[in-house]
Amino acid sequence: MKKLLLILLISSAWSCSNEADPELDKANFTRIFNSNRYNASYNPIDIKQTADGGYLVLAGRELENSNFSGIYIIKTDNVGTFESEFIVDETFVNPVGELMLANENFYFFCMTGVNLQTQLVEVSQAGEINQVINVGGTYPSAAAMDGGNFLLLGYDNASKETVLSIVSPAGAVSQSASFSIGAGDAVEEPIINHFIRTGRKYPFQVGKTLGGQYFFNGFYNYTFSLVFTDLSEIQGVVQGQQDDGGISYLLNTTGNTFATARFNFGDNYFIPNTPINTSGVSSSTDLPGFELLELTADAPVKILASSIKNTEVLVYASNTKGGQIGLYIYDRASGDFLGTKYLGFSNPYEVSGVINTADEGILVCGTTYVAGRFPRITLFKLSKEELDKVF
């Protein structure tokens, strides 16, 4: 098989800084993975905990000869100490989350750099790539689990359609549906700029509701919209404001009740408990919510269902204008605000993922900028005891 990777084990290329001594407090730590490859840029996409208690980070890396992001994988131990890195050959670009677990391996989608064909990548628990499978289609933009299969959201640049597909771990497409973005180059322009990193990054998302409806957050009918479908027809649409507004993230909590967030011409709103009409047409601006003035314009948002102090909560993670990652805690049942915690110091920080950990803590993955210039991967681990202090 053609060599796909350059594998570098722990070496002088990397240093791992931390705020706390892991031998004194293994449940809480901060890690910044710096590199003496000074001009290199690493931007995390997703993180998952591995079977050995460590962590696997999927990230993009800047390429000199491509407008697309390259692929980068880092493996740490259970206290966030660097173990290994894997730099994927430049043949493959545009990695998209989520990192998905199936058959004891992790999977993610990317595409080939030349003909843009979508690929499914299988990664071992140690972060080693087992195989790369051609799936077909172009411009993968988001993915999620669907039982033992994967949901893939992509953009077909030939037909100018958003495509939602069900893909097996073997790379077989069992079902798909296509949705027109609308006619004209102006409609496509923000989508292409998203992929080649010259414009706004859109919060593409795909998933399945508790009631069994598929949904995607992407471009449809001239607008960045939240679309509900059974893969045979559209059942509901929450329209955005062309490419200037829409849903930032969606989490189905119960029935037709959702925890969500939206952006609108730079403003940001959190909506921790609201019904959404999944069988009709509505507008994202009609959703009530709390405006977060301290967030950056059109801030990325992640929402995690968790438990703190025996209370079922929703953890919203986003970027503040002060250069920190803000964690905003809401009661899952009532939507009441419970407390806030800010992460980051000295350098600017931006969130990319937040997960529950096996020891009842939370781990936040993000980007920091060393010397204000060089994007690097950072991890914040909060123990159960630390989370109990938030409210």
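## Aromatic pairs and cysteines in a predicted model

Phe228 is buried, at a relative accessible area of 0%; buried means under 20% relative accessible area, exposed over 50%, and partly exposed in between, with a 1.4 Å probe and protein chains only. The model is predicted, so local features need pLDDT of at least 70 and side-chain atom pairs count only at pLDDT 80 or more, while totals for chains, interfaces and linings use all residues. Residues are numbered from 1 along each chain as its sequence is written, and side-chain values use heavy atoms, with hydrogens and water left out.

A pair of aromatic rings is described by the distance of the centres and the angle of the planes. Here, rings of Phe, Tyr and Trp (its six-membered ring) pair if their centres lie within 6.5 Å; planes under 30 degrees apart count as stacked, over 60 as edge-to-face and the rest as tilted. Searching the whole structure gives 26 aromatic pairs. Two of them are listed below.

| Pair | Centre to centre | Angle between planes | Class |
|---|---|---|---|
| Phe215 and Phe228 | 6.2 Å | 50 degrees | tilted |
| Phe224 and Phe263 | 6.2 Å | 50 degrees | tilted |

Phe215 belongs to strand 17 (residues 214-220) and Phe228 to strand 18 (residues 223-229), so their pair ties together parts 13 residues apart in sequence. Strands (E, at least two residues) and helices (H or I, at least four) are DSSP runs, numbered from the N terminus. Phe215 counts as buried, with 6% relative accessibility.

The other pair joins distant parts of the chain: Phe224 is in strand 18 and Phe263 in strand 21 (residues 257-264), 39 residues apart. Phe224 and Phe263 are both buried. They also belong to a cluster linked by ring pairs, together with Phe68, Tyr139, Tyr155, Phe195, Tyr202, Phe204 and Phe219.

A charge is found over one ring: the charged end of Arg262 sits over Tyr269, 4.0 Å from the ring centre. The criterion is NZ of Lys or CZ of Arg within 6 Å of the ring centre and within 35 degrees of the ring normal.

The structure has zero disulfides, a disulfide being a pair of cysteine sulfur atoms within 2.5 Å. For Cys110, the nearest cysteine sulfur is that of Cys365, 19 Å away. Cys110 is buried, with a relative accessible area of 0%, and Cys365 is buried with a relative accessible area of 0%.

Asn39 lies in the loop between strand 3 (29-35) and strand 4 (42-49). Asn39 is exposed, with a relative accessible area of 68%. Its C-alpha atom is separated by 23 Å from that of Thr76, 37 residues apart along the chain.
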